[in-house]
Structure formats: structure tokens, C-alpha cells
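Please walk me through this structure, beginning with the place where the two chains meet and then moving on to the parts of each chain.

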Amino acid sequence: MTLTMQRTLPNIVSSVLRYLKDTQYTVGPDTKVLSGPSGFFTDLLLFPAYPDDLTKIKTPILALGTTELSKFDPDTYGSATFGITVRLPLYGFVCGQGKPGTSDSANKAYRDKLLSDLVELFSQDASNQGIPLFDAVSKQEIGEIEVVHVSARALPVNAPNIDADRYKFIVEIDAAYTSITSQ
Amino acid sequence: MALEGRRFRRRKKEDVFVEGYFIDHANISTPDINKTDETFHLYGKDSPETDVQHNFGVLTLGVLDKYTNNAILDLITGQSPLDTAPHRYQVDDLTSVHVWANVKDTKNTKYVKCWFMGGWSPGLPMPSGNPEAKAEVQMAGNGHLPVEFQGAFILMKKVASGASVAMGDTPFPVPGTSPTLYAVSVKALNITGVAPTEVINQEEVGVTPGMVTVAGNVVFAEIVALLTELTSVTHAAVYYLSTGTGVYPAVKPDKLYA
């Protein structure tokens, strides 16, 4: 028996990163991407994994955690469709804003804006139009993943002497992917 | 295998077919029989004698709706699912279809049983569901009394008319029939027009011992002799039993439409 795999989980991670990197949105008069020199958050870095050492972080970071399988649904007769819902944790660490020693309000304002943009991006655009799903091997768009639930919250401070630990947050995205067989 | 709960099959092992089309998006399937309780109170007997009258088959099929066309809607309104032109689904066009489910074994290597309901006539369904839910289309209708088989499964062949036409497969005899029948159901088809916009007029006929032979030949004289409505027959659809190995898509029935 030959099993054909689609490597769905890493494909979803890389596709969400690509979505965060490429998607333009409008706030007031400005239409920009999220991060980078021409983005709303010019110093924001996108990480494909949770950072190893928070003490080394000097600029804001968005880090995708490990994909978790949230739900598996073989819910059709004949088990014809392959459907999964995965949970993607997106961790944010905000630091380096404002002047040293007076940075709390600037970091907090930056975190709140970033968190709000992410929530609206995922709950409005990605849940309605889906996130294009790219295959890491072929580099081709092979479908889309649909955001079915988003939750976001600030995380409590564990080590206040570490800048990156003071303004942490997490956005959890439940994304559904279904591989549909043809008749 | 230990005799634990794994003896009991899950219903996801059922491959649902409607007129030969594998329905890969069905999530509700409730075949049943409409019955009437009969109670006979007799003089001199404290307890009544009882019976159950079996009236007709009932079936509810629910499918998750697709962005593309839903083959069942095409089939119950007499249209080819292969036609990519815009379709209209309306009550006036409703027709009956044969529905069956073949049950796979644990390893999906063969079919081990099946149920079959001919002449299923559902009402025209509409999509349901809350905004955030996947759209569902649920069809409920009545049909012939269903039949189940253990150790055999249903296949269908569509053959063009002729004196004695080989359907290309050897049917398994229908258990318990004497004289032996080699088909569960047979439909006479009169196909006009060219695929995918062909029109198929159908008439189901009672299966006779000579209609489908032990070698799998379809004798059209036996079919034509039983017609009451159709005056011309171009094809026949033969629903028969098989005991071979393999499951869909390696083993697949013919489709009603070309």
C-alpha cells in the first residue's frame, strides 16, 4: 500500500508566515504590510519557532509555536474526506520601544496595536477568504486553510527584568484544512 | 484479532452510491422501513396476536454541500452530473434513483456487506446550517423495501441494447432465489441526446431468471417484454451482486450518465 502525504502541518506553518509577511491591510490613510521597512511595524521580526533565549531579544518578535492537531474529523461515509483542524500559537514579544527607562507605555501601546491588527487580520480577512496554502515541496498554491476561531490574550510577566518578557501576548488560531477527493 | 470492540464496524466504512456515483460528502445516512403495528385481539386469548406490516423503504441522506455541483441533486432531477453548464433544480423534474452502500472490511481491501434501496424518491432539498456551519443538504424520501446482503456487494453495469449483451462481469447469484436470479434490479433506459446533456427515460422492470444469465449476459427480449411505459429501449442498467476483492475507486460501478 502506498501512502501519499501532503505534509499539511509544516505547510500550514509556512503558509501562515507567508500570509503575515505578504498581506496588505489598511489603517486610516495607510495601506501596508504588517512588518518590514515598508510595514506598519517596521522593526517587527517574524520567527518560525519559539525563541530560544528571551534575554537576547531586543526588538519586537512574532513567533509561531509548534502546530497542534486540535481536531480530526473523518465525518463522511466512506471516509472520503481528510479534514483536520490545527491550532497555531502565535507568540508576540514586544520590547525596545520608547526611551530606555520610560519605555513601558510605548511597549504597551505597540503591543496593543499589534495584537489588535492580528486579531482583525485573522478574524475578519483570514476567516472569510482563507489563507492560501502553499506546498513547501512544489512551492505551488495547493488550496487554502480557513481560520475558524481566534483567541488572543496578553500573557502575565514571569521575569520583569527581561525586557522581552514584560509585554508578551499570544494569538491562537484554529485553522481548518480539508483535502477533498473527487467523485 | 481479539474479539473486542473491533469486531463492530463503524458506519464510516460504508461507501454510499447513488446510481453508480460515489457520494464522498455524505454525513447522514438513515435507511429504514416504514412499518405499521398490527394487533389482533381474539376471543378466548388474553394476549393479542401481533404483527408488523412493512410498507415501504425510507431513507434520509445528508450531504455537506460543495462549491461544485452536488451529484445527488443532478441525479434526482434527471440531469447528468457531468454537465458543467448551469443547472436548474426544481420540483417538476424530480425522479427516483437507486441508492446503495457497500461496507468495507477493516483494512479497506474488500466489501463485506451492503444495503440496497431501489426507487428512492426524495423531495427537493435546500441547504441548511448556521452562518458559521458547513452548509448541509438533507434529502428525505421513500423507496422500495430495502434489502441487505452479507458477503456480497452491489455493482452496476450500463449496457447498450442487443439480443444478448455481455456486461463484462460475472454476477454473483442472488442468495435465496429459486430459480436463481443474477440481478438485484434492472432498469430499462431510453437515452436520447448526446452526453453530457442526454435525457434518460427509465422504467424499472421485475427481474426474471433469464434476464441476466449466469455468465453475465443481458437478454433484452426479457426486459422489453415487461415494459409498460417505455416504447423504445437503448440501454439497460443492471444492479447485481459481486463477491470480488478491492474497494472503490479500484472497484467501481458504471455511472447512469455517460
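Where chain B and chain A touch, 20 residues of chain B and twelve residues of chain A take part in the contact, a contact meaning heavy atoms within 4.5 Å. The model is a predicted one, in which local features need pLDDT of at least 70 and side-chain atom pairs count only at pLDDT 80 or more, while totals for chains, interfaces and linings use all residues. Residues are numbered from 1 along each chain as its sequence is written, chains are lettered from A and ligands numbered from 1 in the order in which they are written, and side-chain values use heavy atoms, with hydrogens and water left out.

The area buried between chain B and chain A is about 1300 Å², and carbon and sulfur atoms give 48% of it; buried area here is the accessible area, found with a 1.4 Å probe, that two parts lose on being put together, summed over both. On the side of chain B, the residues that lose the most area to chain A are B:K12, B:F22 and B:D24, which together make up 38% of what that side buries.

Between chain B and chain A there is one salt bridge, a term that stands for a side-chain nitrogen of Lys or Arg within 4 Å of a carboxyl oxygen of Asp or Glu. This salt bridge pairs A:E146 with B:K134, and their closest N and O atoms are 3.6 Å apart. Across the same interface of chain B and chain A, seven residue pairs are in polar contact, both residues being at pLDDT 80 or more; a polar contact is a pair of N or O atoms within 3.5 Å, where within protein one must be able to donate a hydrogen and the other to accept it, and where residues adjacent in sequence count only if both atoms are side-chain atoms.

On the side of chain B that touches chain A, β1 (14-18) and β3 (26-40) of chain B each supply at least two residues, and the largest share, four residues, comes from β3(B).

How is chain B itself divided? Chain B has domain 1 (1-35 + 53-152) and domain 2 (154-242), with bounds that come from an automatic or database domain assignment. The C-alpha centres of these two domains of chain B lie 22 Å apart, and the contact between them takes 15 residues from domain 1 and 15 residues from domain 2. About 1200 Å² is buried between the two domains of chain B, with carbon and sulfur atoms giving 62%, and within domain 1 the residues B:H98, B:F149 and B:A152 lose the most area to domain 2, together 35% of what that side buries.

The two domains of chain B also share one salt bridge. The side chains of B:K187 and B:E19 meet in a salt bridge at 2.4 Å, N to O. Five residue pairs, both at pLDDT 80 or more, are in polar contact between domain 1 and domain 2 of chain B. To the side of domain 1 that touches domain 2, β5 (97-104), β6 (111-122) and β9 (147-150) of chain B each supply at least two residues, and β5(B) gives the most, with four residues.

Chain B as a whole has two helices and 15 strands. Its radius of gyration, taken over C-alpha atoms, is 20 Å, close to the 18 Å that the globule rule (2.2 Å times the number of residues to the power 0.38) gives for 258 residues, so chain B is as compact as a globular protein of that length.

Some backbone details remain. Most residues other than glycine have a negative phi, and most peptide bonds are trans. In chain B, a cis peptide bond with omega of about 0° joins B:S178 and B:P179, and B:P179 lies in the loop between β11 (164-166) and β12 (185-192) of chain B. The peptide bond from B:Y248 to B:P249 is also cis, with omega near 10°. In chain A, which has three helices and ten strands, A:K139 has a positive phi of about 65° although it is not a glycine, and A:K139 is found in the loop between β8 (131-134) and β9 (141-154) of chain A.
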